[in-house]
Amino acid sequence: MMCVSSVNYSALVNFEKVGHIQPGRGLRQGDPLSPYLFILVAEGLTSLIHKTVASGELHGVKICRGAPIVSHLLFADDCFLFCRSNLFEPTKLMETLKTYEVASGQEINLSKSEVFFSRNISRAAQEELSNIMGVKHVLATGAYLGLPSMVGRSKKETFAYIKDRIWEKNQLLEKSSSL
């Protein structure tokens, strides 16, 4: 903790060292330790989720018969969590996240979090579970990192816009290079 909590900065103004700046809150973006600490802490979250799945208290999803169970996916600093839509599992998931918060000191921002349900659950149940978790219920998953979060049966139709955008950019490049 000494490496993390003892950091201080100074700035160069007109080639002169100015001030002694001590940040008020933890690591800053760009700190060389940041990625390593994030990975260590994310590994702790992964372990907590795996333990809860192994105990049978959470069940992830399978994309098809014979596929492995997926309980969570981590992307950079985002996390997708999967569980069954009953009263017990979302409550257990939130308890697991609360344990993570206490252990890591990181707080889950529920106002930035969303929940999406399959079509097999009633609207009333969706709203009830959304309230239990304290997160916003969304009807569609939208896009993540520029790609659709959910893909239906027609992958060709879903991703056609990417082909169109690449084609348009290619045409623009060809025009500009011929000038």
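These notebook entries record what I looked up in a predicted model of a single chain.

**Entry 1: Overall make-up.** I began with the secondary structure. The chain contains six helices and eight strands. Following the sequence, I noted their order as α-β-β-α-β-β-α-β-α-β-β-β-α-α.

**Entry 2: Burial and surface.** I next looked up how much of the chain is covered. Of its 179 residues, 18% count as buried. The accessible surface amounts to about 14000 Å², and carbon and sulfur atoms contribute 59% of that area. I also looked up contacts between residues with a separation of 6 or more; 33% of these join residues 24 or more positions apart.

**Entry 3: Helix 2 and helix 3.** I then turned to one pair of helices, helix 2 (residues 34-54) and helix 3 (residues 88-104). At what angle do their axes cross? The crossing is at roughly 150 degrees, and the axes come within 10 Å. I recorded the crossing as right-handed. On the side of helix 2, the contact is made by Val41, Leu45, Leu48, Ile49 and Thr52. Helix 3 contributes Lys92, Thr96, Leu97, Thr99, Tyr100 and Ser104. Sorted by type, the residues of this contact are six nonpolar, four polar and one charged.

**Entry 4: Glu101.** I stayed with helix 3, where Glu101 is placed. Is Glu101 buried or exposed? Its relative accessible area is 14%, which is under 20%, so Glu101 counts as buried. Leaving aside residues up to four places away in sequence, I found that Glu101 touches Gln106, Glu107 and Ile108.

**Entry 5: Two residues in a loop.** I went on to the loop between strand 1 (9-13) and strand 2 (16-21), which holds Asn14. Phe15 is found in the loop between these strands too. Most residues other than glycine have a negative phi. Asn14 is not a glycine, yet its phi is positive, about 50 degrees. Phe15, likewise not a glycine, has a positive phi of about 65 degrees.

**Entry 6: Cysteines.** How many does a search of the whole structure find? The search finds zero. Cys64 is partly exposed at 44% relative accessible area. Cys83, at 22% relative accessibility, also counts as partly exposed, because this value lies between the limits of 20% and 50%.

Notes
Residues numbered from 1 in each chain as written. Predicted model: local features only at pLDDT ≥ 70, side-chain atom pairs only at ≥ 80, totals over all residues. Heavy atoms only, no water. Axes fitted to C-alpha atoms, helices over the stretch in contact; angles between N-to-C directions. Helix = DSSP H or I, 4+ residues; strand = E, 2+ residues; numbered from the N terminus. Left-handed = near helix turned anticlockwise from the far one by under 90°. Contact = heavy atoms within 4.5 Å. Nonpolar A, V, L, I, M, F, W, Y, C, P; charged D, E, K, R; others polar. Disulfide = S-S within 2.5 Å. Buried < 20%, exposed > 50% of the residue type's maximum accessible area, 1.4 Å probe, protein only. Areas by Shrake-Rupley, 256 points an atom, 1.4 Å probe, with all protein chains shown as cover.
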